[in-house]
Amino acid sequence: MRTASSPDVEEPGGLTWAIIRQDGNGSRYRVSRYATRQEAERVCEAFQARGYGPLYVIEKVDRQQAP
């Protein structure tokens with residue numbers, strides 16, 4: 001069981017994991033945010049399964065910088 005102190009979850013209900021899309025020119029865009037890294041990884045894998053295209057990565061969102 002994960003707790004709020006787990007490295008994968010910052011706080012209950014928080015969307016602390018982001019999927020970032022990076023195109024061939026190096027431009028980066030936040031695509032979506034998730035509460036757990038596991039959920040973000042699942043969605044990121046689905047994006048990448050579509051075949052050749054942009055790179056998708058997962059990053060932890062800094063609460064100080066998040067909108």
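**Core and sheet of the chain**

A: Please note that this is a predicted model. A40 is in contact with W17, I19, Y34 and I58, leaving aside its neighbours within four places in sequence.

Q: Which residues make up the largest nonpolar core?

A: The largest nonpolar core has 9 residues, namely W17, I19, Y34, A40, V43, C44, F47, Y56 and I58. The elements that give two or more residues to this core are strand 1 (17-22), helix 1 (37-48) and strand 3 (55-60).

Q: And which element gives the largest share of this core?

A: Helix 1 does, with 4 residues. As general background, nonpolar side chains tend to be buried together in soluble globular proteins.

Q: What is the secondary structure of the chain, read along the sequence?

A: The chain follows the pattern β-β-α-β. The total comes to 1 helix and 3 strands.

Q: In what order do the strands form the sheet?

A: The 3 strands form an open sheet in the order 2-1-3, and the pairing is antiparallel. Strand 2 (28-34) and strand 3 stand at the edges; each has a single partner strand, so one side of each is left without a neighbour in the sheet. On average, neighbouring strands of this sheet are turned by 30° against each other, direction ignored.

Q: Over how many bridges do strand 1 and strand 2 pair?

A: They pair over 6 bridges, in the antiparallel sense. As one example, A18 has R33 in strand 2 as its bridge partner.

Q: Where does helix 1 pack?

A: Helix 1 packs on the sheet, where it touches strand 1, strand 2 and strand 3. The direction of helix 1 makes about 170° with that of strand 3.

Q: Changing topic: is T16 buried or exposed?

A: T16 counts as buried because its relative accessibility is 3%, and the cut-off for buried is under 20%. T16 is found in the segment before strand 1.

Q: Which side chain does T16 join through a polar contact?

A: The side chain of W17, through a polar contact of 3.5 Å. W17 is also one of the residues of the largest nonpolar core.

Q: Finally, what about the chain as a whole: how many residues, and what percentage count as buried?

A: The chain has 67 residues, of which 27% count as buried. Its accessible surface comes to about 4,800 Å², with 47% belonging to carbon and sulfur atoms. Among contacts between residues at least 6 apart in sequence, 46% join residues at least 24 apart.

Note on methods
Residues numbered from 1 in each chain as written. Predicted model: local features only at pLDDT ≥ 70, side-chain atom pairs only at ≥ 80, totals over all residues. Heavy atoms only, no water. Buried < 20%, exposed > 50% of the residue type's maximum accessible area, 1.4 Å probe, protein only. Contact = heavy atoms within 4.5 Å. Areas by Shrake-Rupley, 256 points an atom, 1.4 Å probe, with all protein chains shown as cover. Core = buried A, V, L, I, M, F, W, Y, C linked by side-chain atoms within 4.5 Å. Polar contact = N/O pair within 3.5 Å; in protein donor to acceptor, adjacent residues only side chain to side chain. Pairing = 2+ DSSP bridges. Axes fitted to C-alpha atoms, helices over the stretch in contact; angles between N-to-C directions.
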